[in-house]
Amino acid sequence: MIPPVRFLESTSLGHVCRLAGVADSGRFFSLLSEDNQPPAGPIGSLFVPAPRRSVCISARFSVPQRLELFDATIAELTPRLRRMRSPHQLMAALRWSMETMDRTFAEAPPGVRAGVACHSGCSSCCHVPVDVQAHEVLFAADHILLHFSPAELDRAIAQLAAHRGRVAAFAPGERDASRQPCALLQADACSIYAGRPQPCRAHHTSDAAVCSAHLADPAIDITQVYIPALRARMFAVMYGVDQAIEAAGYDERSYDFGSALHEALSNSFCLVAWLRHQSAFPDSCLSDPSP
Ligand code: SF4
């Protein structure tokens, strides 16, 4: 029997609007289409590691295709995580994960990719809160430490500190609707493109004008320009990565990207804590720090 549907609403990257979560053999099923209507096609299913990230998947991408991507990601990543003993092995596993997301986009049907409006210089989606897990923060921090000059690193830390201060001042519930440029955004381009977190890689839309309008007015429904067939592929891989990491016993909490990244760049113990299966970042970096 299907339990009552519940909805999670959010406009932040990584939290994707409406979730209908029902348990089935330990898995959560996402049953609704993105316009909040019962799907026209076959009902879809995808594991959702609630409540860390919520998902909204269209029924237009078949269940076997989604689960295949999800299961293949877990099957490849799990042994890598089991063998992992060092930061170097961690970064190799995460690099594989990020490259898999990029490859999943590249291997989407040409007709699906043709509908993507995202282009260089368009940064509307870089002004909304980004929810991530600790491994994505550690991957971004590693990218910064490898590629930024000392001056660029100082500037990034200062901008991340300012971001963290603004987020810390939000009243409960205020962060989700907030709009501020990501601290890593430079001249409307991502300054850590190869090291950006999973939600940034998974996010595409079909109409940049709607993104821009949504930025000015959060009441405008951004989900109308999501590309369901592409989103389903990308989220299947993203949740596969998350699930493998959670199953291996690593930190799976949802963090505010900028706040946690500031901590990662200021405190080398974060990586050690993660490798020891502890919480990598303090509660103040959580995307929702309220008890
Ligand atoms: S990390 Fe890069 S892609 Fe993601 S929100 Fe920040 S600037 Fe944009």
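This is a predicted model: local features need pLDDT of at least 70, side-chain atom pairs count only at pLDDT 80 or more; totals for chains, interfaces and linings use all residues.
In soluble globular proteins, nonpolar side chains tend to be buried together.

The protein chain as a whole contains 10 helices and 6 strands. Of its 291 residues, 43% count as buried. Among contacts in the chain with a separation of 6 or more, 72% are accounted for by residues 24 or more positions apart.

The packing of α2 with α4 was examined next. Two packed helices are described by the angle between their axes and the distance between the axes. The axes of α2 and α4 come within 10 Å and cross at roughly 100°. With angles of 65 to 115 degrees counted as roughly perpendicular, α2 and α4 are therefore roughly perpendicular to each other. On the α2 side the residues that meet the partner helix are Met91, Leu94 and Met98, and on the α4 side they are His135, Phe139 and Asp142. By class, the residues of this contact divide into 4 nonpolar, 1 polar and 1 charged.

Met98 of α2 is also among the contacts of Arg201. Arg201 is placed in helix α6. Arg201 counts as buried because 20 C-beta neighbours lie inside 10 Å, and 20 or more is the number required. When neighbours within four places in sequence are set aside, Arg201 is in contact with Met98, Met101, Asp102, Arg196 and Met234. The pair Arg201 and Met101 is separated by 100 residues in sequence, yet the C-alpha to C-alpha distance is 7.0 Å.

Arg196, one of the contacts of Arg201, is also one of the residues around the ligand. The shell around the ligand comprises 8 nonpolar residues, no polar residues and 1 charged residue.

Definitions and conventions:
Residues are numbered from 1 along each chain as its sequence is written. A residue is near a molecule or strand if its C-beta atom, placed from the backbone, lies within 6 Å of it. Ala, Val, Leu, Ile, Met, Phe, Trp, Tyr, Cys and Pro count as nonpolar, Asp, Glu, Lys and Arg as charged, and the others, Gly among them, as polar. Axes are lines fitted to C-alpha atoms, for helices over the stretch in contact, and angles run from 0 to 180 degrees between N-to-C directions. Helices (H or I, at least four residues) and strands (E, at least two) are DSSP runs, numbered from the N terminus. Angles under 35 degrees count as roughly parallel, over 145 as roughly antiparallel, 65 to 115 as roughly perpendicular and the rest as oblique. Two residues are in contact if their C-beta atoms, placed from the backbone, lie within 7 Å. A residue is buried if 20 or more other C-beta atoms lie within 10 Å of its own, exposed if 12 or fewer, and partly exposed in between; C-beta atoms are placed from the backbone.
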